[in-house]
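Please keep the sequence and the structure in view while reading.

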Amino acid sequence: MLQINTRGGYFLIFLFLLSMECLIALFVHDRFIRPYVGDVLVVGVVYFFIKTLVPRPLPLLPLYVLIFAFFVELLQLFDLINLLGIENQAFRIILGSVFDWKDVACYAVGCILLAAVNYLVCPVTKPVTKSSP
């Protein structure tokens, strides 16, 4: 079983996924990888960034990342960027400005994959109990 439980390992995965996201954003202009694969990967970026900060086992972290992604997409539904009058282009790209149900589905697929990775790397184990004499 693969064991990655160091901040450095999680940080390298975070950097790799972030690099992939940047490369997709800059150079891929298709109808599949950029809109779908990019959205699946973005939850991985958030997940491994958090794992860099908190490397201990967090069995529900994929669920928390999914809730966060849904919240950000909900902010897009209510057009928060324009309501707040944010003009910063980088912030507009990071937060997004258009709600799409396909994004929600991609986030869910990404978090399902993260849950599988989380289970393989940090399987849930039963607590050790003392047997009575």
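What percentage of the 133 residues of the protein chain count as buried? The share is 29% of the 133 residues, and this value, like the others below, is computed from a predicted model.

**The chain as a whole**

**Helix 3 with helix 6**

- Helix 3, which covers residues 61-77, and helix 6, which covers residues 101-121, have axes that come within 9 Å and cross at roughly 165 degrees.
- Because an angle over 145 degrees counts as roughly antiparallel, helix 3 and helix 6 are roughly antiparallel to each other, and their crossing is right-handed.
- On the side of helix 3, the residues that meet helix 6 are Pro-62, Val-65, Leu-66, Ala-69, Phe-70, Glu-73 and Gln-76, while helix 6 contributes Asp-103, Val-104, Tyr-107, Ala-108, Cys-111, Leu-114, Ala-115 and Asn-118.
- Sorted by class, the contact of helix 3 with helix 6 contains 11 nonpolar, 2 polar and 2 charged residues.

**Helix 2 with helix 6**

- Helix 2, made up of residues 33-53, packs with helix 6 at an angle of about 50 degrees, and the axes of the two helices are 8 Å apart.
- At that angle, helix 2 and helix 6 are therefore oblique to each other, and the crossing of helix 2 and helix 6 is right-handed.
- The contact draws on Pro-35, Tyr-36, Asp-39, Val-40, Val-42, Val-43, Gly-44, Tyr-47 and Phe-48 from helix 2, and on Lys-102, Asp-103, Cys-106, Tyr-107, Val-109, Gly-110, Cys-111, Leu-113, Leu-114 and Asn-118 from helix 6.
- The residues in the contact of helix 2 with helix 6 divide into 13 nonpolar, 3 polar and 3 charged.

**Asp-79 and Leu-80**

- Asp-79 is placed in the loop between helix 3 and helix 4, and its phi is near 55 degrees, which is a positive value in a residue other than glycine.
- With a relative accessibility of 29%, Asp-79 counts as partly exposed.
- Leu-80 belongs to helix 4, which spans residues 80-83, and at 25% relative accessibility Leu-80 counts as partly exposed.
- Although Leu-80 and Ser-97 are 17 residues apart in sequence, their C-alpha atoms are 7.9 Å apart in space.

**Tyr-10**

- Tyr-10 is found in helix 1, which runs over residues 7-27.
- Is Tyr-10 buried or exposed? Its relative accessibility is 3%, and Tyr-10 therefore counts as buried, since the term applies under 20%.
- Tyr-10 and Pro-55 are separated by 45 residues in sequence, whereas the distance between them in space is 7.7 Å from C-alpha to C-alpha.

Methods: Residues numbered from 1 in each chain as written. Predicted model: local features only at pLDDT ≥ 70, side-chain atom pairs only at ≥ 80, totals over all residues. Heavy atoms only, no water. Axes fitted to C-alpha atoms, helices over the stretch in contact; angles between N-to-C directions. Helix = DSSP H or I, 4+ residues; strand = E, 2+ residues; numbered from the N terminus. Parallel < 35°, antiparallel > 145°, perpendicular 65-115°, else oblique. Left-handed = near helix turned anticlockwise from the far one by under 90°. Contact = heavy atoms within 4.5 Å. Nonpolar A, V, L, I, M, F, W, Y, C, P; charged D, E, K, R; others polar. Buried < 20%, exposed > 50% of the residue type's maximum accessible area, 1.4 Å probe, protein only.
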